[in-house]
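Trainee: I have a new model open and would like to go through it with you. Could we take it one piece at a time?

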Amino acid sequence: MADKALMLNIGCGMRQIEDWFNLDDLPYPGLDLVHDLMDTPWPLTDECAVRAMAHHAIGRVVRARYGLLRFMNEVHRLLRPGGEFLIVAPYGMNQAFLQDPTFCTPVTEATFYHFDPEHKSGLWQRYQPKPWRIAHLAWDVVSILEVTLVRR
């Protein structure tokens, strides 16, 4: 695994992708790794991946004890410099977020300003997590948010 650059499908559930490393904290058939995503570090080597994706998974990250910061720092550890992290999630507190009994962390566009030290908001200064660059950010307040972050 150390020689092959992975593409991580984080919190994939039944949406596993062929040729990606599929991981979730529930034991779905066919996963490459079952591991509690809040239990860091994950049993993967530093900088083992070139791309990561969390499709409707980040809303399930427990907010307590800086959970989202810890989760993002863990993905940062696993990606190589320049690696991309694509996140798709329900926007904020919309109906898609509210109806799902597993969602506990709403996200908006401003959530990701906290991870980019060069964003004009200056929000990165508050917690100073591992640094990302926002490469793409789009949202619809009644639908979803999509963001692509690049590991600095």
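Trainee: How many of the 12 residues of α1 are buried?

Mentor: Before the count, please keep in mind that this is a predicted model. In α1, 10 of the 12 residues are buried, and the helix is therefore described as mostly covered.

Trainee: Which ones are buried in α1?

Mentor: The buried residues of α1 are G67, L68, L69, F71, M72, E74, V75, H76, R77 and L78.

Trainee: And what distance does α1 reach from its first C-alpha to its last?

Mentor: With its 12 residues, α1 reaches 17 Å from the first C-alpha to the last, which is close to the 16 Å expected at 1.5 Å a residue.

Trainee: Let's switch to the sheet. What is the order of its strands?

Mentor: The sheet is open and has seven strands, in the order β3-β2-β1-β4-β5-β7-β6, and the pairing is mixed. At the edges stand β3, at residues 33–34, and β6, at residues 132–139; each has a single partner strand, so one side of each is left without a neighbour in the sheet.

Trainee: Where does α1 sit relative to that sheet?

Mentor: Helix α1, residues 67–78, packs on the sheet and touches β1, β4, β5, β6 and β7, while its direction makes about 140 degrees with that of β5.

Trainee: Then is the pairing of β1 and β2 parallel or antiparallel?

Mentor: Strand β1, residues 6–10, and strand β2, residues 21–24, run parallel and are joined by three bridges. Within that pairing, N9 has N22 of β2 as its bridge partner, and I10 stands opposite L23 in β2.

Trainee: What about the other neighbour of β2, going by the pairing with β3?

Mentor: β2 and β3 also pair in the parallel sense, over two bridges, and here L23 stands opposite L33 in β3.

Trainee: Are the faces of β2 covered or open?

Mentor: Both faces of β2 are covered, with F21 and L23 buried on one side and N22 and D24 buried on the other.

Trainee: How many bridges join β1 to β4?

Mentor: There are four bridges between β1 and β4, which run parallel, and the bridge partner of L8 in β4 is A52. Continuing across the sheet, β4 is joined to β5 by six bridges, again with the strands running parallel, and A52 has F85 as its bridge partner in β5.

Trainee: New topic, the nonpolar core. Which residues have the most contacts inside the largest one?

Mentor: The largest nonpolar core has 38 residues, and those with the most contacts inside it are L8, I10, F71, M72, F85 and F112. At least two residues of this core come from each of β1, β2, β4, α1, β5, α3, β6 and β7. The largest share, six residues, is supplied by α1.

Trainee: What does F112 touch?

Mentor: Leaving aside residues up to four places away in sequence, F112 touches I58, I87, V107, I134, L145, V147 and L149.

Trainee: Is H114 buried or exposed?

Mentor: H114 is buried, with a relative accessible area of 15%, and its place is in the loop between α3 and α4. Not counting residues up to four places away in sequence, H114 touches L123, W124, R126, Y127 and P129.

Trainee: And T45, where is that found?

Mentor: T45 is found in the loop between β3 and β4, and with a relative accessible area of 39% it is partly exposed. T45 touches R77 and L78, again not counting residues up to four places away in sequence. The C-alpha atoms of T45 and L79 are separated by 9.6 Å, although these residues are 34 residues apart along the chain.

Trainee: Last topic: how many disulfides does a search of the whole structure find?

Mentor: The search finds zero disulfides.

Technical notes:
Residues are numbered from 1 along each chain as its sequence is written. This is a predicted model: local features need pLDDT of at least 70, side-chain atom pairs count only at pLDDT 80 or more; totals for chains, interfaces and linings use all residues. Side-chain values use heavy atoms; hydrogens and water are left out. Two strands pair if DSSP finds at least two bridges between them. Contact means heavy atoms within 4.5 Å. Axes are lines fitted to C-alpha atoms, for helices over the stretch in contact, and angles run from 0 to 180 degrees between N-to-C directions. A nonpolar core is a set of buried Ala, Val, Leu, Ile, Met, Phe, Trp, Tyr and Cys residues joined through side-chain atoms within 4.5 Å. Buried means under 20% relative accessible area, exposed over 50%, partly exposed in between (1.4 Å probe, protein chains only). The expected span of a helix is 1.5 Å times one less than its number of residues. A disulfide is a pair of cysteine sulfur atoms within 2.5 Å.
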